Amino acid sequence: MPFRHLFILTDIEGAAGVTSWRQTREDGAPLLDARRLLTGEVNAFIDGVFQGAGEQSVETKISVWDGHGYGGLDFDLLDSRCKSYTQEGEPSFADLFTRCSSDPVPVDGLVFIGQHAMEGRRGNLAHTYSSRRIREHRINDIPVGEFGARSTLAWALGVPTVFFSGDDVACDEAKEWVPGIALAVVKQARGIEAADCLSAEESRALLRKSGEEVIRTDPTDARWKPARSFEPPYSYRISYKLYRGIIPRWAKVRRAETLPELLSRA
């Protein structure tokens, strides 16, 4: 049975054509152009999903959350067939995803589009949540990036992570966590602010084809099982960088009895 409700989590640093920090942080033309590039990839994936679903006579729902803190999507251009959410209206990915998992048509697949690698990797624009402040996140002493934390939360709620797009380093990281995940490499990282990118037309064609392929797969397929599992007691440690001459605290640790509780702010 195909997916009935896909949840797309977006970030901007992993889109083809986005290679520098100024495209992701500063108001103005570079950020506006980057938003259009990411939105084009998201729309292409959505179009592929609906194309594939139509061929199978399956009704599919898509929800999209803009996961970039400065705003990564151009909502005026976003495909109107999806339900979209901004960070301004939702306190966290965890809260929104948990709610959508209880939807009348529950989310049964998580998708990452435009995602970057974690801090410390050699990926283009690699960081973990805050490029300026965060040195490292760990779950039970295992280093984790945004993909690892959020895909682990989804799995704990019974939802597999099935697709990922970004640079080659970020895609390798995703595959380490979910070996069977479907991938779309839209650029090759050459440094923190350097990458060889597909053109917008090429990346959109790849994302459209990926959407068609994903909707034809089975949500219960064993390929989506994560490579890593965690056992209680659960802990989440955040370590900080020097920022503007100070370190607000060396580290912060939280503990919980369940993974959803632990990752409630992921």
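In this predicted model, helix α4 (residues 146-156) and helix α5 (residues 168-177) pack against each other at an angle of about 35°, their axes lying 10 Å apart. The two values are given together because a pair of packed helices is described by the angle between their axes and by the distance between those axes. The crossing that α4 makes with α5 is right-handed. On the side of α4, the residues that take part are Phe147, Gly148 and Thr152, and these meet Glu173, Ala174 and Trp177 of α5.

Helix α4 is mostly covered, with nine of its eleven residues buried. The buried set consists of Glu146, Phe147, Gly148, Ala149, Arg150, Ser151, Thr152, Leu153 and Ala154, and Phe147, Gly148 and Thr152 also belong to the contact with α5. Just after α4, the chain passes through glycine 158, which takes a positive phi of about 90°.

The side chain of asparagine 124 reaches the backbone oxygen of threonine 19 at 3.1 Å. When residues up to four places away in sequence are not counted, asparagine 124 touches Thr19 together with Glu13, Val18, His116, Asp167, Lys187, Ala189, Gly191, Ile192, Glu193, Ala194 and Ala195.

Note on methods
Residues numbered from 1 in each chain as written. Predicted model: local features only at pLDDT ≥ 70, side-chain atom pairs only at ≥ 80, totals over all residues. Heavy atoms only, no water. Polar contact = N/O pair within 3.5 Å; in protein donor to acceptor, adjacent residues only side chain to side chain. Contact = heavy atoms within 4.5 Å. Buried < 20%, exposed > 50% of the residue type's maximum accessible area, 1.4 Å probe, protein only. Helix = DSSP H or I, 4+ residues; strand = E, 2+ residues; numbered from the N terminus. Axes fitted to C-alpha atoms, helices over the stretch in contact; angles between N-to-C directions. Left-handed = near helix turned anticlockwise from the far one by under 90°.
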